[in-house]
Amino acid sequence: MNAKKYRSLVAISVVLLLAAILSVAGSWNGAQAFGLPIFALCVALAFALQWLAFIPAYKLQTEHFYDLTGSLTYLTVVIGALLLSGEQGARALLLAALISVWAIRLGSFLFIRISKDGSDTRFDAIKPNFLRFLVAWSIQGLWVSVTCASALAAITSKTSAPLGWLGLVGLVVWLSGFAIEVIADHQKRVFRAEQAGKKGFIKTGLWAYSRHPNYFGEIVLWIGISLIALPALASWQYATLISPVFVTLLITRISGVPMLEASADKRWQGNPDYEHYKANTPVLVPRFTKPQAHQPAQP
């Protein structure tokens, strides 16, 4: 067995182990359907949908519906949890609505973007390899499961609690994060359209205060979801509050910021304007002071 195949098998094993641990914790004090915990059923469904989509994706050697599948999976598991759990209160309905709005918005945005761009370079090296491509789809199953874990646990929980002030705080936090993400994505889309093939980088709008404001908004909105879910959780279900931590680690250490930073460095490293922007603009958490304008060196 070669090293790449071994690493892929290890990666899949780790992903499944983490999903199993999450299923046990999230199912604690949770409702059941068909004699099984609804939370665990939702996690299993998330993976099943990824693996089903992987089959035609590998056969056609395309990543075009990767992000769209992820968004549809969010909708499926959240709405499925809501329906299987029976009568629901304001908290469960609010959580399902917020995640659905986010999933529809982000999924459609990413699908439109890849349709215009033609491909996602992140997948170029792994698409031809069955196991490596399968790892990517399996990670998405884990991503869906972990990010909405606190919401799923709250929706399926047997603990009843009013929405309360913490729920309202969580809603405000979610709205703030969602607005930041939507505005940042819109600004970048407009910038790219105005560039018309030029090789510039965005440094205006929210992007003047953070190099990745859309990712910052993503993290904030999942913190909001966890705050809304918190009062309905009990015992081992508190482990599902790892959701925003997982999102942060995924974005800042694995698939988001590191890849984009490396790509930006490859394109613009040595460009004085870019070097100034990078040196004076936070990677993720926005600063709240006016950005310093770049002053070209005097001849």
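Which residues line the largest cavity? They are Asp67, Ser71, Tyr74, Trp102, Leu106, Leu110, Gln140 and Trp143. The model is predicted.

**The cavity**
- The count comes to 1 cavity of 30 Å³ or more.
- The largest cavity has a volume of about 50 Å³.
- By class, the lining of the largest cavity has 5 nonpolar, 2 polar and 1 charged residues.

**The second largest pocket**
- This pocket has a volume of about 260 Å³.
- Its lining includes Leu18, Ile21, Leu22, Val24 and Ala25.
- Leu142, Val146, Trp236, Ala239, Ile242 and Phe246 also line the second largest pocket.
- The elements that give two or more residues to this lining are α1 (3–27) and α5 (130–147).
- The most comes from α1, with 5 residues.
- The lining of the second largest pocket has 11 nonpolar residues, with no polar and no charged ones.

**His212**
- His212 sits in the loop between α7 (164–195) and α8 (213–229).
- His212 counts as buried because its relative accessible area is 5%, and the cut-off for buried is under 20%.
- The side chain of His212 makes a polar contact with the side chain of Glu261, at 2.8 Å.
- Leaving aside neighbours within four places in sequence, His212 is in contact with Trp207, Val257, Leu260, Glu261, Val283 and Leu284.

Conventions. Residues numbered from 1 in each chain as written. Predicted model: local features only at pLDDT ≥ 70, side-chain atom pairs only at ≥ 80, totals over all residues. Heavy atoms only, no water. 1 Å grid on protein atoms, 1.4 Å probe; cavity = no way out; pocket = protein on both sides within 12 Å on 5 of 7 lines; lining within 4 Å. Points joined across faces, edges and corners; volume = space filled by probe spheres on them. Helix = DSSP H or I, 4+ residues; strand = E, 2+ residues; numbered from the N terminus. Nonpolar A, V, L, I, M, F, W, Y, C, P; charged D, E, K, R; others polar. Buried < 20%, exposed > 50% of the residue type's maximum accessible area, 1.4 Å probe, protein only. Polar contact = N/O pair within 3.5 Å; in protein donor to acceptor, adjacent residues only side chain to side chain. Contact = heavy atoms within 4.5 Å.
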